[in-house]
Amino acid sequence: MIVTTTELFRHAYGKYAIGAYNINNLEQTVGLFRGNLGKIKKNEEPVDWQTAAPFILQISRGARSYTDKRFLEAMIRAADEVFPESVFAVHLDHGTEETCYDAIDSGFYSSVMIDASHEPFEKNVEITKRVVERAHAKGVVVEAELGQLGGVEEDVVGSVCLTDPEQAAEFVRLSGCDSLAVAIGTSHGAYKFSGQQALRLDVLKKIQAALPEGFPLVMHGSSSVPKEWVDRINAAGGKLGSTSGVNEKEYIGAAKQGVCKINIDTDGRLVWCAIYRETFLKQPEDFDPRTPGKVFMPAYAEYIIHKNKMLGSAGQLQSVTKILKKA
Ligand code: G3H
Ligand code: 13P
Ligand code: ZN
């Protein structure tokens with residue numbers, strides 16, 4: 001069932017975070033849906049309500065143009081039929097104004113992110129406000145961003161511009177956005193921190209205090225970049241440098257301070273890369289695309305289950321579903 005993030009955030013606020021996972025292809029989609037229902041090997045397995053979780057499926061502009069946005073839509077609609085117990089939002093990740101309008105008008109997305117965080121404050125408000133008006137008219141919710149995450153290169157991390165709590169309050173009031181992505185020390189990609197850095201939970205606390213009660217916050221760049229998967233990639237011929245990501249133990253701390261949506265893309269890519277490399281390394285005579293796919297889908301489902309446990313969303317699906325059915 002496709003829902004907006006409003007229902008999901010209301011249920012999660014202050015307790016746990018909803019995993020927002022990017023997809024680009026069929027194998028990621030199947031692994032993602034299985035994992036969120038606590039299924040691993042087969043679509044037909046019974047739902048494991050102890051681990052089943054609501055989730056957000058995110059589509060980036062890159063994903064939309066990788067094949068054709070219509071393939072993604074068709075694939076997700078099919079997954080919704082194959083996995084009828086699923087509860088998820090379909091979200092446009094890092095949209096421009098133009099892609100936001102396209103997603104809103106498609107009637108398929110329940111949520112869009114307008115990313116005008118690189119613009120000066122007033123311009124960011126102006127653009128976000130326009131998108132909010134168009135989105136709300138069609139029942140779509142809007143995530144905006146204020147502050148800037150670090151770049152992927154380690155030397156850019158120094159120029160991170162953390163979200164200012166007072167500005168965040170002003171931004172939310174003026175733009176009318178439904179949730180706000182904040183910069184509290186994370187960055188996109190596999191190379192996040194040089195050395196042991198933690199999230200700026202002190203800044204997050206101030207942002208939460210400055211905003212209206214219950215206002216949902218979003219954390220981008222939240223992959224944990226597990227050493228296990230990086231090592232497996234490198235052991236299978238990859239050349240990833242020394243990396244570290246967000247400590248998964250910090251997810252719940254962030255959730256308690258109003259973070260309702262935690263974005264994970266890189267970790268999924270690492271699982272994909274390790275499995276595909278390992279499979280063909282072990283079976284160099286094989287060239288069937290289904291051989292690694294068959295290993296990847298259960299492995300990704302298991303990874304999603306693990307991630308949802310760390311986010312606190314595992315086991316929440318039943319209660320969310322009951323609330324949605326009553327409404
Ligand atoms: O935040 C960006 C996401 O990881 C999407 O990445 O633009 O390469 O699809 P992408
Ligand atoms: P990661 O690169 O840490 O997975 O972040 C993904 C993200 O923020 C997508 O918007
Ligand atoms: Zn992001």
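Modeller: A polar contact is a pair of N or O atoms within 3.5 Å; within protein, one atom must be able to donate a hydrogen and the other to accept it, and residues adjacent in sequence count only if both atoms are side-chain atoms. On that basis, a polar side-chain atom of histidine 94 lies 3.2 Å from an oxygen atom of ligand 2. For lysine 192, the corresponding distance from a polar side-chain atom to an oxygen atom of ligand 2 is 2.5 Å, and for an N or O atom in the side chain of asparagine 263 it is 3.1 Å. The protein covers 96% of the 310 Å² of accessible area that ligand 2 has on its own (areas by the Shrake-Rupley method with a 1.4 Å probe; for residues, only the protein chains shown count as cover).

This is a predicted model, in which local features need pLDDT of at least 70 and side-chain atom pairs count only at pLDDT 80 or more, while totals for chains, interfaces and linings use all residues. Residues are numbered from 1 along each chain as its sequence is written, chains are lettered from A and ligands numbered from 1 in the order in which they are written, and side-chain values use heavy atoms, with hydrogens and water left out.

Around ligand 2 there are 15 residues, of which Asp93, Lys192, Ser223, Asp265 and Thr266 come nearest (a residue is near a molecule or strand if one of its heavy atoms lies within 4 Å of it). By class, this shell has one nonpolar, 11 polar and three charged residues (Ala, Val, Leu, Ile, Met, Phe, Trp, Tyr, Cys and Pro count as nonpolar, Asp, Glu, Lys and Arg as charged, and the others, Gly among them, as polar).

Ligand 1 is surrounded by Asn22, Ser60, Asp93, His94, His188, Asp265 and Arg269; by class, its shell has no nonpolar, four polar and three charged residues.

The zinc ion, ligand 3, is coordinated by His94 (NE2), His188 (NE2) and His220 (ND1), at 2.1 Å (donors are N, O and S atoms within 2.8 Å of the metal, or 3.2 Å for Na, K and Ca; water is not among the atoms, so sites may look incomplete). Along the chain, the donors of the zinc ion follow the spacing H-x93-H-x31-H.
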